[in-house]
Amino acid sequence: MIFLGRGVLSDEAILKGIIGDGMLQRATENKLYEQYFYFIKDATFKHQLSEDEASSLYTDTILAFIENVKSQRFEGKSAIKTYLYQIFSNKCVDFIRKTTTNKMSVHDAQPIQDWLLAMPDESKNILQKLISDNEVNVLYEKIKNLGDKCQQMLTAWGEGFSDNEIAKELGYQTANVAKVSRLRCLDKLKELYKK
């Protein structure tokens, strides 16, 4: 790997590492994640996001960049830092718009809720349990289609295990690597729900 001082990877090293083999690819993705981690703090001030929200958006940014490099959509017309910052800023703005829009639509009644309100309590509880059970069954079926590693990771995460605990249990180098892998699994799960 080519470092630019203080362990900072050059753009060339990042691009080569991302399309490299498994060990080099993971090491490069980890270093990339850490190299621009300060974007999170910037977003908490600039966009007034919580650290968790900014962290999640930052992880999405890194995943999007990696995907763009692998699919050759990143053309290298700008520095990686500039490219990442633009993706991250766009994700922050989209998130703010989405949450603002969702806050405005909180009072919109859903048809099923209207039905539940009109039902006697006993019937309401039975219907809510049936809906909940069905949603859980659908979720488990979707998770089964993701493969063993994603299934183990999402099950552990759903049971309340932290990324650090998941990393130790499943053999990942760091909690950040486990988090990136978990988010990839969640993206795959979202795609299955869209089908």
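In the predicted model described here, E29 forms a salt bridge with R184, the closest N and O atoms being 3.2 Å apart, where a salt bridge denotes a side-chain nitrogen of Lys or Arg within 4 Å of a carboxyl oxygen of Asp or Glu. This pair links distant parts of the chain, since E29 belongs to helix α2 (residues 22–35) and R184 to helix α10, 155 residues apart; helices are DSSP runs (H or I, at least four residues), numbered from the N terminus. With a relative accessible area of 9%, E29 is buried, whereas R184, at 29% relative accessibility, counts as partly exposed; here buried means under 20% relative accessible area, exposed over 50%, and partly exposed in between, with a 1.4 Å probe and protein chains only. Residues are numbered from 1 along each chain as its sequence is written, and side-chain values use heavy atoms, with hydrogens and water left out. As the model is predicted, local features need pLDDT of at least 70 and side-chain atom pairs count only at pLDDT 80 or more, while totals for chains, interfaces and linings use all residues.

The structure holds 7 salt bridges in total. Side chains of opposite charge can pair when their charged atoms come close. One of these pairs joins E75 and K77, with 3.0 Å from N to O, and both E75 and K77 are exposed. Another is formed by D187 and K190, whose closest N and O atoms are 3.9 Å apart. Because D187 and K190 are 3 residues apart in helix α10, about one helical turn separates them. D187 is partly exposed, at 32% relative accessibility.

Q48, found in the loop between α3 (39–46) and α4 (51–70), has a phi near 60 degrees, a positive value in a residue other than glycine, and Q48 is exposed, with a relative accessible area of 64%. Q72, which lies in the loop between α4 and α5 (80–104), likewise has a positive phi near 60 degrees while not being glycine, and at 68% relative accessibility Q72 counts as exposed.

Conventions: Helices (H or I, at least four residues) and strands (E, at least two) are DSSP runs, numbered from the N terminus.
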